[in-house]
Amino acid sequence: MKTFAIVLLNLAGLGFLGFGLWLIADPAGGLAMVGIAPVNAAGFIELRALYGGLELGLGTYLLLCAARQDWRRAGLWAVLLGNGGIGLTRLAGIASTGVFVPFFAYALVWELGFALLAGWVLLRSRQA
């Protein structure tokens, strides 16, 4: 279970890092697929900071958690709650508006998949 937790944390961390770097480099292109477009320089700053910067910070934290045994459970909780919160909120938004774009399918598999896997590891192991 320890090895699986390490792999899970590394994959989640790399996913957040990759998405964060993409959104820092090209926030308009990265979010265009869901209809989000900055209308001015302040919008670009906000997208880079929130979508890019937050993802970079979380990804880095998860990679550190993978490397440190005493941080792994906290990292798994971050994956469970972070990805679970995003995925469940996305589902609620889809349900309340009826809007669904193809990107949502991929995002939901990633978000809810990682949340479920992290929850499973936390339930199965006291020493992840």
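Reader: How is the crossing of H4 and H5 described in this model?

Author: In this predicted model, H4 passes H5 in a left-handed crossing, and the axes of helix H4 (residues 72-97) and helix H5 (residues 102-124) come within 8 Å and cross at roughly 145°. By class, the contact of H4 with H5 is made up of 19 nonpolar, four polar and three charged residues.

Reader: What makes arginine 90 and glutamate 111 a salt bridge?

Author: The closest N and O atoms of arginine 90 and glutamate 111 are 2.5 Å apart, and the cut-off for a salt bridge is 4 Å between such a nitrogen and a carboxyl oxygen, so the pair qualifies. Arginine 90 lies in helix H4 and glutamate 111 in helix H5, 21 residues apart, and the pair thus links distant parts of the chain. Both residues, arginine 90 and glutamate 111, are buried.

Reader: Why is arginine 68 called partly exposed, and why is aspartate 70 called exposed?

Author: Arginine 68 has 38% relative accessibility, which falls between the limits of 20% and 50%, and therefore it counts as partly exposed. Aspartate 70 has 58%, which is over 50%, so it counts as exposed. These two residues also form a salt bridge, with their closest N and O atoms 3.0 Å apart.

Reader: Which residues lie closest to the centre of the largest pocket?

Author: The largest pocket has a volume of about 680 Å³, and of the 23 residues that line it, Phe19, Glu55, Ile86, Arg90 and Glu111 are the closest to its centre. The largest share of this lining, six residues, comes from H5.

Technical notes: Residues are numbered from 1 along each chain as its sequence is written. This is a predicted model: local features need pLDDT of at least 70, side-chain atom pairs count only at pLDDT 80 or more; totals for chains, interfaces and linings use all residues. Side-chain values use heavy atoms; hydrogens and water are left out. Axes are lines fitted to C-alpha atoms, for helices over the stretch in contact, and angles run from 0 to 180 degrees between N-to-C directions. Helices (H or I, at least four residues) and strands (E, at least two) are DSSP runs, numbered from the N terminus. A crossing is left-handed if the near helix is turned anticlockwise from the far one by less than a right angle, and right-handed if clockwise. Ala, Val, Leu, Ile, Met, Phe, Trp, Tyr, Cys and Pro count as nonpolar, Asp, Glu, Lys and Arg as charged, and the others, Gly among them, as polar. On a 1 Å grid over the protein atoms alone, a cavity is a set of points where a 1.4 Å probe fits but cannot get out, and a pocket is an open set with protein on both sides within 12 Å along at least five of seven lines; lining residues have an atom within 4 Å of a point. Grid points are joined across faces, edges and corners, and a volume is the space filled by probe spheres set on the points. A salt bridge is a side-chain nitrogen of Lys or Arg within 4 Å of a carboxyl oxygen of Asp or Glu. Buried means under 20% relative accessible area, exposed over 50%, partly exposed in between (1.4 Å probe, protein chains only).
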